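Work through the exercises below with the sequence and the model open side by side.

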Amino acid sequence: MLAALALLYKLLPLYVTVGLGWLAGRYLDASGRHVAGIMMYIVTPSVVFSGVMHAPLSAEVILLPFLTFALCSLTGWAHLQIARRWFPGVGANMIPLAVGTGNTGYFGIPVALLLFGEQGLAIYIVCMLGTTLFENSVGFYLAARGRYGIRDCLLKVVRLPSLYAFFLAVGLNSAGLQIPDAFEPLFDNLRGAYSVFGMMIIGMSILSFRGLAGDLRFTGLALLGKFVSWPLLALAFCALDARLFQVYDVAVYQAIMLISITPIAANTVVIATLLDTHPVQVAGTALLSTLVALLYIPLMSAWLFTGAN
């Protein structure tokens, strides 16, 4: 319980940042759409590039993002089938993003550092990149399919720079190249902006707390998928690998489990805003999941990671 309370205390600044975003949208007319564009096309690719450049790469480690990507895709696709039958006209195409990914950066990185230390954080970041790949490929494509045709969706995916940032960083890192020291402060500042604006955009997207949950079918399925289905799938994978294949160790299992219990990603709100696909519904659900995570993450972390550094 003490570990849960300590982690809860560490997370409080993130909730304050959401509140500041709401104040900016309410009283300063701050545009969530403009911030979303900056996040998607400038800040996020920079964070992806920096994270991969600093990761200790090997053949086994390089496969981790694709493993996480597969788990995201499976979870998102399964819940999309339910959403299309249950509420086809209320943002069903946003469900894969809401369920499949998580707030792995803004929430996950501080929690991983607190629980696992610097070494565990590096493994976590590599695993986390799989959720970013999902967001910027399959997740984005399925979300856009709610408004655009196949050709237009594919063109939008091709234009997303995070994919190119990932593969460029893998190539440079594998070749033994590093980010020049003169540019390290720039990437440090961009990581800070990633966390601050990523949380603020949730607050900016909701100018009223009325109808926070919005359509209860969307919100219920999103929360069920994010806080129940994803963790169960992650637990099943970890148990299967530990008992049969034994490819990965405890550090990888911890990273995947932490990814599975994070709340709905702020980037889901970013994409919903860019596509103009039920952004208020998505933002309300993301904020509600963030409020649930205020207690859910400390309790689950204390249960799952007892004995972690």
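**Exercise 1: a helix and its ends**

Helix H9 has a kink of about 40°, centred on Gly225, where the bend at a residue is the angle between axes fitted to the seven residues ending there and the seven starting there. The model is a predicted one, in which local features need pLDDT of at least 70 and side-chain atom pairs count only at pLDDT 80 or more, while totals for chains, interfaces and linings use all residues. Residues are numbered from 1 along each chain as its sequence is written, and side-chain values use heavy atoms, with hydrogens and water left out.

**Exercise 2: charged pairs**

Task: how many salt bridges does a search of the whole structure find?

Solution. Apply the criterion, a side-chain nitrogen of Lys or Arg within 4 Å of a carboxyl oxygen of Asp or Glu; the search finds two salt bridges. In one of them the side chains of Asp215 and Arg217 meet at 3.0 Å, N to O. Asp215 is buried, at 18% relative accessible area, whereas Arg217 is partly exposed at 32% (buried is under 20%, exposed over 50%, partly exposed in between, with a 1.4 Å probe and protein chains only). Asp188 and Arg191 also meet in a salt bridge, at 2.0 Å, N to O. These two residues are three apart in helix H8 (residues 184–204), and therefore about one helical turn separates Asp188 from Arg191.

**Exercise 3: the cysteines**

Task: how many disulfides does a search of the whole structure find?

Solution. Look for cysteine sulfur atoms within 2.5 Å of each other; the search finds zero disulfides. Cys127 is in no disulfide, the nearest cysteine sulfur being that of Cys238, 9.5 Å away. Cys127 is buried, at 0% relative accessibility, and Cys238 also counts as buried, at 7%.

Notes
Helix = DSSP H or I, 4+ residues; strand = E, 2+ residues; numbered from the N terminus.
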